[in-house]
Amino acid sequence: MTTDIGELPSDPFLHCAFFYRGSDEYLAGTMDFIRTGLANGEPVAVAVPGANLTLVRDALGADAGAVLLLDMAVAGRNPGRIIPSVKRAFADAHPQRSVRIIGEPIWAGRSELEYPACAQHEALINAAFTGREATILCPYDTAGLDKVVLDDALRTHPVVIDSHGEGASTVYDPGRVLDSYNEILPDAPPDSTVIAFDEASLANTRHTATGFARSAGMTADRAIDLELVVAEATTNSVVHGGGSGALTLWVEEAQIVCRVQDNGCIADPLAGRIPVPPNRIGGRGLLLINQLSDLVRLHTTPAGNTLQMHFAL
């Protein structure tokens with residue numbers, strides 16, 4: 001399946017990969033970016049993992065109050081929520097102004113299961129912000145990240161900044177990255193719970209999922225989140241995926257995994273990643289799923305969808 005996220009014309013949006021090594025290079029690049037924005041009167045947001053957030057906050061000193069500071073390990077735990085809930089949320093809060101955002105969605109602690117969702121997120125930023133007055137800087141730790149991650153960064157960012165300066169990426173191709181990680185997900189364990197569902201059994205399906213979660217040790221509040229996610233995913237299957245589907249549940253590495261398969265095809269790569277106008281009826285199912293899940297992976301083809309959602313216990 002080849003995904004077309006559009007040719008990116010010359011526009012006011014800039015998406016830059018910042019390759020750094022060590023805290024000195026990190027602070028030199030990020031602080032120059034932030035202080036330039038503040039000097040220009042631009043709203044500035046910084047969403048980076050905890051240790052780097054502390055570096056930035058301490059370096060800003062008295063100016064820290066002028067910058068929105070977010071721990072990406074919390075706000076962006078699920079990469080699928082970063083565009084709608086962090087980056088577009090900040091830009092949309094300043095609709096008539098140019099904004100600056102530092103977003104570091106990939107760090108050494110990201111798992112192999114999470115990384116494909118991170119790479120797809122970086123590829124989709126370009127389409128999500130085309131035409132917007134925004135500059136996004138994405139730091140990449142060249143000492144702590146694998147070569148494949150750095151190679152993908154060159155494909156998902158049209159501009160690259162490192163200790164030698166700034167230049168255009170010669171291999172920029174976000175559609176290729178998006179497609180390459182639209183991959184078949186590993187088989188579910190043989191002892192998984194599998195529930196076939198249709199319109200008549202939606203209520204029973206979500207109640208079964210909640211019971212499974214509670215029996216696995218999930219708290220009551222978090223089980224409500226899981227029930228909402230399962231309800232949205234299975235309803236989408238009934239409405240858009242051929243009228244029926246299958247829900248598979250299992251526990252893996254202190255996580256509950258919910259996998260929904262159907263005969264639909266999610267053709268829009270930005271589905272669930274763009275904020276929905278308040279006056280629009282519907283269209284929030286995938287947004288809700290991304291917001292409440294700790295990780296969302298999707299494999300979609302013209303023959304069907306596999307939507308997999310993870311919840312930490």
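Gly 41 takes a positive phi of about 75° in this predicted model. The residue lies just after helix α1. Confidence across the protein is given by a mean pLDDT of 94, with 96% of residues at 70 or more. Residues 1-9 fall below 50 in pLDDT; beyond near neighbours in sequence, this stretch has 22 contacts in the model.

Helix α1 covers residues 22-39. Its 18 residues should span 26 Å at 1.5 Å a residue. The end C-alpha atoms of α1 are 26 Å apart, which agrees. Tyr 26, Thr 30, Met 31, Phe 33, Ile 34 and Gly 37 are buried in α1. Viewed down the axis of α1, the buried residues fall within an arc of 160°, so they line one face of the helix. An α-helix has 3.6 residues a turn, so residues three or four places apart point the same way. Asp 24, Ala 28, Asp 32 and Ala 39 are exposed on the other side of α1. The buried residues of α1 pack against strands β1, β2 (44-48), β4 (99-103) and β5, and against helix α2 (50-60).

Helix α6 spans residues 147-156 and contains Asp 152. Buried residues of α6 are Val 149, Leu 150, Asp 152, Ala 153, Arg 155 and Thr 156. Their cover includes β1 (14-20), α5 (115-129), β5 (134-141) and α7 (174-180).

Asp 152 has a relative accessible area of 6% and is therefore buried, the cut-off being under 20%. Leaving aside residues up to four places away in sequence, Asp 152 touches Tyr 115, Ala 119, Val 177 and Tyr 181. With Tyr 181, the side chain of Asp 152 also forms a polar contact of 2.6 Å between side chains.

How values were computed. Residues are numbered from 1 along each chain as its sequence is written. This is a predicted model: local features need pLDDT of at least 70, side-chain atom pairs count only at pLDDT 80 or more; totals for chains, interfaces and linings use all residues. Side-chain values use heavy atoms; hydrogens and water are left out. pLDDT is the predictor's confidence in each residue, from 0 to 100. Contact means heavy atoms within 4.5 Å. Helices (H or I, at least four residues) and strands (E, at least two) are DSSP runs, numbered from the N terminus. Buried means under 20% relative accessible area, exposed over 50%, partly exposed in between (1.4 Å probe, protein chains only). A polar contact is a pair of N or O atoms within 3.5 Å; within protein, one must be able to donate a hydrogen and the other to accept it, and residues adjacent in sequence count only if both atoms are side-chain atoms. The expected span of a helix is 1.5 Å times one less than its number of residues. The arc is that of the directions from the helix axis to the C-beta atoms.
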